[in-house]
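Reader: I have not worked with this structure before. Please take me through it with questions and answers.

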Amino acid sequence: MTCLPHLCSHSHLMYKVNRSRTMLRCVRSCNRISTRMGFEPTRAEHNGLAVHRLNHSATSSGSLQWTRQCSLSSVLNLRLKMVDSQYYLPNDIGISALDCGEAFRLLSPQEKMYAHYLSRAAWYGGLAVLLQTSPESANIFVLLQRIFRKQTPAQLAEVATAAGLSSEEYQAFLVYAAGLYANMGNYKSFGDTKFIPNLPKDKLKALVWASQAFQEQPAETEALWDSCSCLLYSLEDRQKQLGLGDKGITTYFSGNCCLEDAELAQKFLDSKKLSAYNTRLFKRENGGKACYEVRLASAVQKDCAVDGECESCCGSFSFEDKEFTVKRGDYAPVMEKVCHYLQQAQAYAANENQRKMLEEYRRSFTLGSVEAHKEGSRYWIKDKGPIVESYIGFIESYRDPFGSRGEFEGFVAVVNKAMSERFAKLVGSAEVLLPELPWPREFEKDTFLKPDFTSLDVLTFAGSGIPAGINIPNYDDIRQSEGFKNVSLGNVLAVAYATQKEKLTFLEEDDKDLFIKWKGPSFEVQVGLHELLGHGSGKLFVQDDKGKFNFDQDKVVNPETGEPVSSWYRGSETWDSKFSTIASSYEECRAECVGLYLCLKKQVLSIFGHEGQDAEDVVYINWLSMVRAGLLGLEFYTPESKSWRQAHMQARFVILRVLLEAGEGLVGLEEVTGQDGKPDARITLDRSKIHTVGKNAIHRFLCKLQVLKSTADVEGGRALYDGYSTVSNSGAHNFLRLRETVLLRKEARKMFVQANTRVSGDSVELVEYEGSAAGLICSFIERFQEDAEQVEANLLELSKRDTQCWC
C-alpha cells in the first residue's frame, strides 16, 4: 500500500505555483505549465487579501493554456499569486470570544466542578477529530503546540521579524494556527475545504527553524516538519476537499476505499446490528481477496469480552464472500482520558440520572459500544432542566462522505433561564402546531414526546465547529419513541450572526437596515422551529425484526400517489443507513422548510415577543435570509466533482431553487455589475406573496420530503433532492457563473475563542482570553498544559500507525 504522494521536491517552486485554483504541475524541467487562469494578478502577495476570479467562464469552459513562450521565469517575475480565497484564511478574519463569565459565576461550587470535569472530557475527546479529519492534521497540531508552548505569540513575533517575515506574514501564520485549532484540523468544519498558510513555505520554515522549540530539539522538530509540511501546503485536486475515493480526502475510510466499499460495509454492520457512528473502515488485499477492518473507538484494545460484557462484538466474519474483522482500540489513549474525566465528573453529578448517564458514557468509550451510548442518552433525556447541560460522543455524521460515521464532539453549557422560558412556551404549543404541518396525520409520530428545550451559554464546545442549535440524540429509535432534547446556543448566536452593513452582499440597499435589525431575532425563531418541530417531527414507517409494523398497512395511503404505502424501514435499517450520502442535507432541508412554514403563524411569533408590523418584518427577514443563504451556499459546491461540501448550505440552495420555481415574482435573482465594476448579484423577495405563493410552494415540497422519508423511498428521495441540488449553467439562472460571483464577494466564517476552567484549591476558576488569533492560540496551549508531552506523543503515535493507509 502506498502513501499519499509527497511534493517535497521543487519546494520553493511549488510554493509559487502550488496555490492556484488547480495546482500548476511541474513537468520535468517545468518548461510547460498549464493552469486555470481565473485570478487577477495582484501585488498583495500574502497579506490576507482575497485574490479573486476575473474570468467567470474559467470553471465551466475548461483550462486556459498559457502560450508556449510563457516561461516559468516570466510567471515568477510577474509575481502572479494564484491564491484562491477558498483555500486560506484572510488576516482580517473575524475572531470573537464566547462570553460565559456571568453564567459561570452564578453556578454553585458543585456545579462548577461538574462543568470543569465534563469540559476536560470534552476537550480531550475533541483531539480525536484531528485523526478524523486528515492524515496530516494531528502532526500539524503537535508542531504548533510545541512551538507555542515554548514561546507565546507575542514572544514569537520578535523571532519572526528576525527570521525575515513581514508583520502581514506573521499575522497570516497566527491566523492559520488559530484556524487549525478552531477547526481541529486543516479542513474547514463548515464546507470541508482545505486551508493552507497564506505565507511562503520557505518563510514558515524559517520561522520554525528560528523558534525556541527547534533550538531545543532540532532533530525532533525537523522530523515533525518533514512529516507534515508537504501536505500542509499541497493543493492537489484530491486534497482540496474532504471526500471519498478520488473525490477528496477522508480518514473515516482507508484511501483505497470507494462508495461500493462503504455500501458493503454498511450492509455488514446492519447484519451484525452494529452502528457505524463510532467506526472507521480500513481495506486491504489478502491473496487477491478484499479484507475489511472495522475499527471501533474505545479505550480497551482487547477484542475478547471484558468486564461488563456478556460477549464481544469483535472477531472475524465472512460476508458476501468478503472477510470482515471487527476490532477495538481506535483513538485508545484519547478515549482513556475521556473516561478518566467522566469518572471525576460523576462525583459532582446533581442527580441519579446524571450519574447513570456518565456511567453509560464511560462504558461506551471504554468498550466501543454505541448501545451503551444510547443507554446514556436515555438517561440524558430524563435529566430535565439541568443547570449545567452537556452531551458527548460520536454525534454528527456530516463529515463522513457516506453519512453514517459520527465526528466526536462534546459540549458543556449553562442554562439561560430568560430565553429558555420562550422555548418552553414553544414546546407547550407543539401539539397545536404539529397538525399544521402539510403531511397527513398518519405520517406524524403517534405521540409527541415533549422535550427539554433550553437556551444555553456555551462554556465548552469541543469538536470541529460550533453550531447555533442542536437536536439530539440522533438515534432514530430513541427519537421516535422515547424523546429528544433541543438546545439553542445563545452566546454563539449573539456573536456569530452580528452583521455589518458594508459587508452585506447581494441585497438591495432598502433591505439592508431591516436585515441588520431583524436578522438575530428572526434566526432565533428559525432555530427554535428548525430544532423542535423540524428535527422533532415526522414518523418513520418501520417493520421490526419480528415482522411487526408501527403503522396500519391496510389504511395508510401515500398522499403523493394515492396508493397504499409500499415501502418502509426493515429491521436495523435507519434513516442514515438508508439515505446515506444525502441523509444529512435532506434532513436539514426538511427542518429548514418547517421553520419557514411555521414562522408564518402569529402564535409562534407571539411566543418570541413579536407582534404586528414587527412580526411581519421578522417573517420577511427570515425568508429573505433563507433565500440569500441559498445563493451563498454556492461557495460550498465543487463543480469538478459535482458535489456539495456542506449539508446546511446545500439544503438552503435547494430551498432557493424551490422558491424560484414557484414563480409569480416571489423571488428575484439577477446578475448585475457592482459599484466596484466587478460582477455582483441582487436578490429580491416580494413580501406580499410570502403567505400565498411562498407558503404554497413550501407546503408542496415539505410534504414530498416527509412522505419520501417516512416510506424509506430512497430512489424517489434521491431523484427529488439531487434534482434541486443540481448546479448548472443552463436554465433561467447560470448558477455556475453565480458561484464565481459568490466566491468573489464571500466573507470568511468567524472563529470563536473559548475559556478554560482550572481547579484552584476547592474552587474552579474561569480563564478567559481575548478575541484574537493570539487569544485562540493561547487558549489551546493552556488547555493541555498538565500532560502536554504525553498528549503530543499519543497523537503522533496514532497518526503514524495509519500512515500507510491513506494511499
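Author: The axes of helix H14 (residues 332–346) and H15 come within 9 Å and cross at roughly 165°. This is a predicted model.

Reader: Is H14 roughly parallel or roughly antiparallel to H15?

Author: The axes of H14 and H15 cross at roughly 165°. Angles over 145 degrees count as roughly antiparallel. Therefore H14 and H15 are roughly antiparallel.

Reader: Which residues in H15 meet those in H14?

Author: H14 passes H15 in a left-handed crossing. From H14, the residues involved are Met335, Val338, Cys339, Leu342, Gln343, Ala345 and Gln346. In H15 they meet Arg355, Leu358, Glu359, Tyr361, Arg362, Phe365 and Thr366.

Reader: What does Phe141 touch, not counting residues up to four places away in sequence?

Author: Leaving out residues up to four places away in sequence, Phe141 touches Leu127, Leu130, Leu180, Tyr181, Met184, Phe780, Phe784 and Leu795.

Reader: Which strands are the edge strands of the open sheet of 5 strands?

Author: The open sheet has the order E6-E7-E8-E10-E9, with mixed pairing. An edge strand pairs on one side only, and that holds for strand E6 (388–396) and strand E9 (469–472). The edge strands are E6 and E9.

Reader: In E10, which residue is the bridge partner of Ile472?

Author: E9 and strand E10 (residues 485–489) run antiparallel and are joined by 4 bridges. In E10, the partner of Ile472 is Lys485.

Reader: At about what angle does helix H17 run to E8?

Author: Helix H15 (residues 352–367) lies across E6 and strand E7 (407–416), at about 25° to E6. Helix H17 (residues 417–433) lies across E7, strand E8 (452–462) and E10. The angle of H17 to E8 is about 135°.

Reader: In E19, which residue is the bridge partner of Arg758?

Author: Strand E18 (residues 756–760) and strand E19 (residues 763–767) run antiparallel, joined by 5 bridges. They form a hairpin with 2 residues between them, and Gly761 in the turn has a positive phi of about 70°. The partner of Arg758 in E19 is Glu765.

Reader: Does Cys304 count as buried, partly exposed or exposed?

Author: Cys304 is in the loop between strand E3 (289–297) and strand E4 (315–319). Its relative accessibility is 46%. Buried means under 20% and exposed over 50%, so Cys304 counts as partly exposed.

Reader: What percentage of the residues in the protein chain is buried?

Author: The protein chain has 29 helices and 19 strands. Of its 807 residues, the buried ones make up 60%.

Methods:
Residues numbered from 1 in each chain as written. Predicted model: local features only at pLDDT ≥ 70, side-chain atom pairs only at ≥ 80, totals over all residues. Heavy atoms only, no water. Contact = heavy atoms within 4.5 Å. Pairing = 2+ DSSP bridges. Axes fitted to C-alpha atoms, helices over the stretch in contact; angles between N-to-C directions. Parallel < 35°, antiparallel > 145°, perpendicular 65-115°, else oblique. Left-handed = near helix turned anticlockwise from the far one by under 90°. Buried < 20%, exposed > 50% of the residue type's maximum accessible area, 1.4 Å probe, protein only.
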